[in-house]
Amino acid sequence: MMRYTTSDAIKDLRPILDRAPPEAVSGEWVATTTQAGVSSQSGTYRDLKGAAVDAAPHKIIRDVVEKLENSQTRPFNKIIVRWTKKKMPFLRGRVTVETIFDPAIVPRGPDSPVYEAAAVARLNFWRARGDLADGFAADRGEVNIYNQTKWFGPHHRVIAVRSGSTLTLATDGLSTPWAGIVDQQNGVECELFMEFDVTTMDDKKIDNWAHLLIGIGDLVADGYGVARDVEKYGAILFCRLADEYNPMSQIILSRDGAQIEGLPFGSVPLIRVTPITEVEIEGQDQLDEWAANAAKYALAKRQIGI
């Protein structure tokens with residue numbers, strides 16, 4: 001099988017790129033190889049004033065990246081494609097393809113110290129608030145080949161903290177930086193917690209609520225900007241509960257005000273998780289974004305501040 005080279009890539013790209021919009025005079029695209037299940041691509045054509053012009057040929061560039069990746073003997077993780085409009089009607093546009101190995105975008109490996117640093121910061125935060133139970137109230141440690149759990153990091157668990165008559169269950173891993181991804185971000189940028197009267201809890205109830213909290217964490221991890229929306233609205237009606245939690249029927253996520261400091265890429269907020277009954281929002285208008293007004297009404301009745 002013939003090796004696919006940058007010269008081959010230029011031959012494939014030129015006829016496609018030469019179909020540029022009439023106002024386009026140049027173009028540049030940057031694409032990365034697939035790393036830890038994630039790839040990226042950006043760039044566009046530009047006119048004489050440097051303004052972006054639509055109709056960027058993303059698919060052919062992605063195809064070229066894959067062909068080069070499967071054929072190149074010299075490691076690379078990024079390519080830069082540049083196009084310049086032809087000078088004369090009978091000429092072809094100028095196309096260059098540059099392959100680069102950029103160490104700054106190499107994904108974190110499974111042994112990166114960043115994961116343990118995040119765990120230590122969270123545990124230090126909770127130790128300052130109460131007594132940590134031994135082990136985890138819930139723990140789903142299965143990871144994929146990129147060392148990612150459903151929370152995109154290696155930590156997928158709930159801890160229990162007792163302070164006086166209050167038992168707190170808290171997620172421990174949503175703020176772990178994403179495994180296998182270079183972005184300098186503390187996971188989904190939050191942690192969740194629930195509070196209970198310790199006298200009403202036994203081991204079975206703790207287990208049930210801890211596993212529910214992991215499930216809510218899965219929804220937060222799958223969502224987009226949940227922490228941002230909680231901050232924006234103060235409280236949101238987030239999801240419904242299964243019949244087994246009756247009479248509790250829905251979950252509110254709300255601002256708490258506390259921040260976990262010392263994480264690898266800054267601090268993250270705590271988000272309070274509150275189960276409520278249908279009666280608590282009965283008659284409330286739920287047509288606004290995230291039913292935020294109904295959520296805030298229910299919390300006010302319980303005297304839970306946001």
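Strand 1 and strand 4 (residues 78-84) run antiparallel and are joined by seven bridges. Strands here are DSSP runs of E with at least two residues, helices are runs of H or I with at least four, and both are numbered from the N terminus; two strands pair if DSSP finds at least two bridges between them. This is a predicted model, so local features need pLDDT of at least 70 and side-chain atom pairs count only at pLDDT 80 or more, while totals for chains, interfaces and linings use all residues. Residues are numbered from 1 along each chain as its sequence is written, and side-chain values use heavy atoms, leaving out hydrogens and water.

Strand 1 (residues 26-32) also has strand 2 (residues 41-46) as an antiparallel partner, over six bridges. E28 is a handy residue to look at: it stands opposite T44 in strand 2, and its bridge partner in strand 4 is R82. Strand 2 in turn pairs with strand 3 in the antiparallel sense over two bridges, with R46 bridged to A52 of strand 3.

Put together, five strands make an open sheet with antiparallel pairing, in the order 3-2-1-4-5. Strand 3 (52-53) and strand 5 (94-100) are its edges, each pairing on one side only. Helix 1 packs on this sheet and touches strand 1, strand 2, strand 4 and strand 5, where contact means heavy atoms within 4.5 Å. Helix 2 packs on the sheet as well, touching strand 1, strand 2, strand 4 and strand 5, and its direction makes about 50° with that of strand 1.

Now for the two helices themselves. The axes of helix 1 (residues 6-17) and helix 2 (residues 58-71) come within 10 Å and cross at roughly 170°. Axes are lines fitted to C-alpha atoms, for helices over the stretch in contact, and angles between N-to-C directions run from 0 to 180 degrees. Helix 1 and helix 2 are therefore roughly antiparallel, the word for angles over 145 degrees. Helix 1 brings T6, A9, D12, L13 and I16 to the contact, and helix 2 brings I60, I61, V64, K67 and L68. Seven of the contact residues are nonpolar, one is polar and two are charged. Nonpolar covers Ala, Val, Leu, Ile, Met, Phe, Trp, Tyr, Cys and Pro, charged covers Asp, Glu, Lys and Arg, and the others, Gly among them, count as polar.

Technical notes: Angles under 35 degrees count as roughly parallel, over 145 as roughly antiparallel, 65 to 115 as roughly perpendicular and the rest as oblique.
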